There are 2 protein chains.
Amino acid sequence: MRLPAAERRQQLLDSAVGVFARNGYHNTSMNDVAEAAGVTKPVLYQHFESKRELFRELLGEIGDQLRDTIAKATAEAGGPRQQIELGFRAYFAFVDDHNDAFRVMFGAGTRRDEEFASEARKVEASVAELVADLIEIPALDPQHRLLLANGIVGLAESSCRYWLQFEVDIDPEELASQVSQLAWAGLRGVG
Amino acid sequence: MRLPAAERRQQLLDSAVGVFARNGYHNTSMNDVAEAAGVTKPVLYQHFESKRELFRELLGEIGDQLRDTIAKATAEAGGPRQQIELGFRAYFAFVDDHNDAFRVMFGAGTRRDEEFASEARKVEASVAELVADLIEIPALDPQHRLLLANGIVGLAESSCRYWLQFEVDIDPEELASQVSQLAWAGLRGVG
DNA sequence: GGGCGCGGTTACCGGGTGGTAACTTCGAGT
DNA sequence: ACTCGAAGTTACCACCCGGTAACCGCGCCC
């Protein structure tokens, strides 16, 4: 089935997310990606310079989407408590309907390669910064604050992993509400 | 330099932790491991059936150590609040002086392979179970409880990753105290 | 309707890696 | 001092995978 370049390119990216999510970067060959898209390898190389570049592009796309989603959601909040609630809600909703994307970005095979890991960290960092601002403990220097904020981000990530992994029957909103409650109470309690 | 079998085997395992921690499973060849131990590849195969088996053994060893460490620490606690404090203290102390081991187990290149991931999950699960018992919210069914507990474990893991990554200047005990405070206050606040 | 360009394919290369067979050397026990 | 087994090495294979060159054919436009 023949497709115009732009569409094919997007289709390749879409297929790639699925394959990489299932098998990780190293256990996925370019052949696998091509096959999943119903084409052959050279087609892939028509659109992407190399395997790394393809993956980079994927990470970039996902990162931007996630960042946007959260930024938009938290912008509407009336205060810190609501900010954290809406942020988590957006986060879990995103994961709920892009769970392949989540697994590619944070499913962690990604982290082993320094270049890819730094992409994941950039995203985590932007989220963590939002959280860090909510920790109102003057005694804590910024670095400690960021460390704790990072912990909170990890809390969300790891809840997601468990949630997807074991298909726990809970909807994203309730999960968000519980996790944000945990995070909020926790942050109030530090110091 | 010649070594008796048992010692060589242990030395191989020790070298392997370091190499795998630096480069991850897939970016580490058996040659790399052998070279790091000052020996050649076939020697490796004298002691381990395959690359996978070598890595499995590593994960097993690390998992057992971590489990033991935490179990011993929490056994001495007088109540749930202290249990969580001592647990985290043991966890962070372990990571502090086995940080290669931590990175092999949870640094995440590991997670991409189903067999290895399940080993990591087993360890997480045993820790999460300890935590789950501390969530005294009757309204929550066991599965939700485990989900939250898993989040707490992820909180610790991800704090560790950040801590090691950016070499934040904080000693393990203080970190443990802050994280356990966060976790405790958070868990009290859910419901 | 015939040439032309773009979307695709077949078939291949080179290098790296897991894994092995056959040979060498060290040293402990008699 | 000699032997014999354990400890190590060299040199190799087979396979897979990233990447590429050369070729094919559908359909659009004059």
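Q: How many other C-beta atoms make a residue buried?
A: C-beta atoms are placed from the backbone, and those within 10 Å of the residue's own are counted. A residue is exposed at 12 or fewer and partly exposed in between. It is buried at 20 or more.

Q: What kind of model is this, and how are its parts labelled?
A: Residues are numbered from 1 along each chain as its sequence is written, while chains are lettered from A and ligands numbered from 1 in the order in which they are written. Local features need pLDDT of at least 70, side-chain atom pairs count only at pLDDT 80 or more, and totals for chains, interfaces and linings use all residues, because this model is predicted.

Q: Which helices of chain B pack against the buried residues of helix 5?
A: Helices are DSSP runs (H or I, at least four residues), numbered from the N terminus. The buried residues of helix 5 of chain B include B:L86, B:F88 and B:F92. They pack against helix 4, helix 6, helix 7, helix 8 and helix 9 of chain B.

Q: What distance separates the end C-alpha atoms of helix 5 of chain B?
A: The expected span is 1.5 Å times one less than the number of residues. Helix 5 has 18 residues (80-97), so it should span 26 Å. The model agrees: the end C-alpha atoms are apart by 26 Å.

Q: Which helix gives the largest share of the side of chain A that touches chain B?
A: Contact means C-beta atoms, placed from the backbone, within 7 Å. By that test, 36 residues of chain A meet 36 residues of chain B. Two elements of chain A give two or more residues each, helix 8 (142-165) and helix 9 (172-189). The largest share, 14 residues, comes from helix 8.

Q: Why are the two copies described by a two-fold axis, and which C-alpha is nearest that axis in chain A?
A: Superposed by least squares on C-alpha atoms with pLDDT of at least 70 in both copies, chain A lies on chain B with an RMSD of 0.1 Å. The turn is 179 degrees and the shift along the axis is 0.0 Å, so the copies are related as by a two-fold rotation axis. At 1.9 Å from the axis, the nearest C-alpha in chain A belongs to A:G186.

Q: Which residues come nearest to DNA strand D?
A: Near means a C-beta atom, placed from the backbone, within 6 Å of the strand. There are 18 residues around DNA strand D. Helix 2 and helix 3 of chain A, with helix 1 and helix 3 of chain B, each give two or more residues to this surface. Coming nearest are A:S29, A:S50, B:A5, B:T40 and B:P42.

Methods: Two residues are in contact if their C-beta atoms, placed from the backbone, lie within 7 Å.
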